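Let's take a friendly walk through a protein model with two chains. Have the sequence and the 3D view ready, and follow along as each part comes up.

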Amino acid sequence: MSQPSADVRDANATDAPLQAPLGDAATSAPAEAPANVAKSIEARDLDIYYGGFHAVAGVSMTIRPNKVTALIGSSGCGKSTFLRSLNRMHELVKGAYVDGKVELDGRDIYAAGTDPVAVRRQIGMVFQQPNPFPTMSIYDNVAAGLRLNRRKIKKPELDEVVERALRGAHLWTEVKDRLDKPGSGLSGGQQQRLCIARATAVEPDVLLMDEPCSALDPIATVAIESLIAELKERFTIVIVTHNMQQAARASDYTAFFNIERSGDPGRLVEIDETQTIFSTPASPATEAYISGRFG
Amino acid sequence: MELAPERAARKPEALASGVPQRLGDRVFSGVAKGAGIGILVVLAGVAIFLLIEAWPAITAPAERIPGGEGLVDYIAPLAFGTVLAAVLAAIIAVPFAVAIALFVSHYAPRRIAAGLGYVIDLLAAVPSVVYGLWGVSVLAPASRDINAWLADHVGFLPFFEGPASVTGRTMLVAGLVLAVMILPIITAIAREVFAQTPRAHEEAALALGATRWEMVRMAVLPFGRSAVISGSMLGLGRALGETMAVTIILSVSGIVTFNLISSSNPSTIAANIALDFPESSGIAINALIASGLVLFAITLAVNMAARAVINRREKKEGR
């Protein structure tokens with residue numbers, strides 16, 4: 001393996017158009033089912049700190065490609081912190097750092113010389129509050145990621161990518177006649193789908209979602225959940241949720257985080273197939289949490 | 001649960017019916033209303049004073065106005081000089097102010113940022129007469145070589161046509177000093193608003209794989225744009241009315257020229273009033289006040305233009 005940072009950038013530069021969905025993984029193993037094989041994430045002994053505060057301790061887990069992995073647990077248990085450490089958003093907080101490894105298909109995203117900007121190109125993120133850029137039109141919001149780093153894309157090609165991303169986010173029919181209007185004029189659920197279109201337009205390998213439905217009404221929530229089920233065909237998805245029904249409905253794997261006492265670091269209690277977690281969890285703490293006895 | 005941040009636009013009457021008027025509310029609303037009306041009265045008073053005092057000069061025959069060419073010919077070069085100096089100052093100051101504000105709000109380590117912000121604010125506390133003296137005794141002599149170089153090398157531009165002033169008391173130096181004077185106000189306003197950029201927008205940009213500068217361009221600058229505009233206009237307003245620094249620095253000859261580096265420059269309205277008022281009498285004073293009325297109108301127009309620009313942007317963004 002050569003220098004990870006260079007590889008990350010190269011992969012990113014070449015993976016733009018979707019019509020040729022043949023990543024190297026797909027060509028080498030054409031027998032495997034999905035057309036777009038996304039990447040897996042492997043966290044190894046990950047400790048996360050905010051300055052002197054030890055927020056998450058010793059997390060090791062495998063996040064499988066083209067699956068939805070839900071992170072559940074009570075508030076303050078470190079699941080959002082863990083999520084943000086997966087694309088190095090967490091280190092934007094002053095004094096925050098990690099110890100351990102996070103590997104994207106075997107490549108450590110925290111290796112020395114790895115550019116966090118390149119990591120975030122590959123691992124996109126959707127936030128709790130829908131956050132379209134208020135000064136940009138719907139079109140420009142979706143195109144924003146593609147225009148970064150002075151990448152020159154011709155208008156027709158950009159039109160195509162924007163339309164595909166909006167269709168992929170189930171938003172196209174609602175906004176196709178007002179692409180030049182500001183994104184802030186949409187409803188909350190539409191804004192969140194716009195943010196999903198924006199994140200997926202750059203064709204990342206992994207999509208991180210930090211409680212994407214917690215600011216939405218139930219109908220918009222259902223729309224996002226059905227969208228997630230479709231998006232996993234193309235992306236690996238990690239979703240933090242407070243809503244256990246949502247975890248049960250929308251995810252393939254579920255990871256349960258917990259803290260023993262307040263002030264202690266959060267730990268991963270267990271991760272397993274969602275069905276198993278919700279029927280026969282290995283740990284009594286998990287059972288207590290999912291049956292609503294605390295949290 | 002926070003849904004979309006829609007402000008409740010309920011009419012106060014709907015709540016007020018049956019609720020007793022509280023004393024504190026009444027006092028506060030009275031004080032606020034009084035202050036609002038008071039400032040309008042003062043403004044109207046100034047406008048009326050200017051109009052009444054300027055009227056004799058407006059109606060006087062042309063040959064009685066200083067210069068003997070009529071009021072318009074008397075004020076026009078002054079108004080031109082005023083706008084030229086102020087626009088020059090704004091052109092120099094705004095990029096610096098935006099850059100400093102960005103550095104303080106998004107680039108500098110916290111400790112340096114706080115210190116730097118304080119120092120910039122301190123610039124506003126220096127009296128303008130001190131800036132004038134600094135300009136004429138330090139900046140003007142230092143600018144002579146630069147003026148000569150500009151005249152030699154970019155003399156084809158009307159701004160640097162030359163002949164270069166030997167004293168350095170030029171429009172360029174006046175503009176530079178004015179720029180330093182308006183820097184703090186533009187910086188302070190821009191800095192405050194840049195620092196308030198919603199974290200959500202910054203993170204949205206970064207999560208897309210934006211570099212820090214791309215994040216600034218996508219999230220911070222659009223958010224702060226109307227603040228930069230209004231800050232610039234406030235700075236422009238201050239530069240338009242600035243008196244002492246320009247009076248001290250500029251060597252004036254009452255001509256209309258874009259040449260920034262020669263020794264003959266248009267004066268500004270405020271500097272002209274300060275220079276001529278002590279030696280004027282009769283209709284000449286009325287002419288000076290008429291020029292003051294023009295300055296008043298220009299400043300008012302600048303501020304209203306700024307308001308209009310900001311309002312239009314806000315409407316467009318659906319805020």
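Start with R88(A), which counts as buried at 11% relative accessibility; buried means under 20% relative accessible area, exposed over 50%, and partly exposed in between, with a 1.4 Å probe and protein chains only. R88(A) sits in the loop between α3 (79-85) and β4 (96-104) of chain A. Helices (H or I, at least four residues) and strands (E, at least two) are DSSP runs, numbered from the N terminus.

A word on the ground rules: this is a predicted model, where local features need pLDDT of at least 70, side-chain atom pairs count only at pLDDT 80 or more, and totals for chains, interfaces and linings use all residues. Residues are numbered from 1 along each chain as its sequence is written, chains are lettered from A and ligands numbered from 1 in the order in which they are written, and side-chain values use heavy atoms, with hydrogens and water left out.

**Two residues with a positive phi**

Most residues other than glycine have a negative phi. R88(A) is not a glycine, yet its phi is positive, about 60 degrees. D45(A) is not a glycine either and has a positive phi of about 45 degrees. D45(A) belongs to strand β1 (residues 41-50) of chain A. Is D45(A) buried or exposed? With a relative accessible area of 53%, D45(A) is exposed.

**Where the chains meet**

Counting heavy atoms within 4.5 Å as a contact, 30 residues of chain A touch 21 residues of chain B. The size of an interface is often given as the accessible area lost when the parts come together. Here chains A and B bury about 2,200 Å² between them, 61% of it on carbon and sulfur atoms; buried area is the accessible area (1.4 Å probe) that two parts lose on being put together, summed over both. On the chain A side, F133(A), T135(A) and L148(A) lose the most area to chain B, together 24% of what that side buries.

The count of salt bridges between the chains is two; such a bridge is a side-chain nitrogen of Lys or Arg within 4 Å of a carboxyl oxygen of Asp or Glu. R121(A) forms a salt bridge with E214(B), and their closest N and O atoms are 3.9 Å apart. The elements giving two or more residues to the side of chain A that touches chain B are α4 (116-122), β6 (123-126) and α8 (188-201) of chain A.

**Chain B**

How many helices and strands does chain B have? Chain B has eleven helices and zero strands. Its C-alpha atoms fill a box of roughly 70 × 55 × 35 Å, taken along the principal axes. Of its 319 residues, 43% count as buried. D152(B), in helix α5 (residues 128-153) of chain B, is exposed, with a relative accessible area of 64%. The C-alpha atoms of D152(B) and G38(B) are separated by 55 Å, and the two residues are 114 residues apart along the chain.

An unreviewed UniProt entry places the feature "domain: ABC transmembrane type-1" at residues 79-306 of chain B. UniProt also lists "transmembrane region" (unreviewed entry) for spans including residues 116-134 and 283-306 of chain B. UniProt positions are given in the numbering used here, feature names are shortened, and annotations may be inferred rather than shown by experiment.

| Span of chain B | Helix and strand | Distance between end C-alpha atoms |
|---|---|---|
| Residues 79-306 | 75% helix, 0% strand | 19 Å |
| Residues 116-134 | 79% helix, 0% strand | 22 Å |
| Residues 283-306 | 100% helix, 0% strand | 35 Å |
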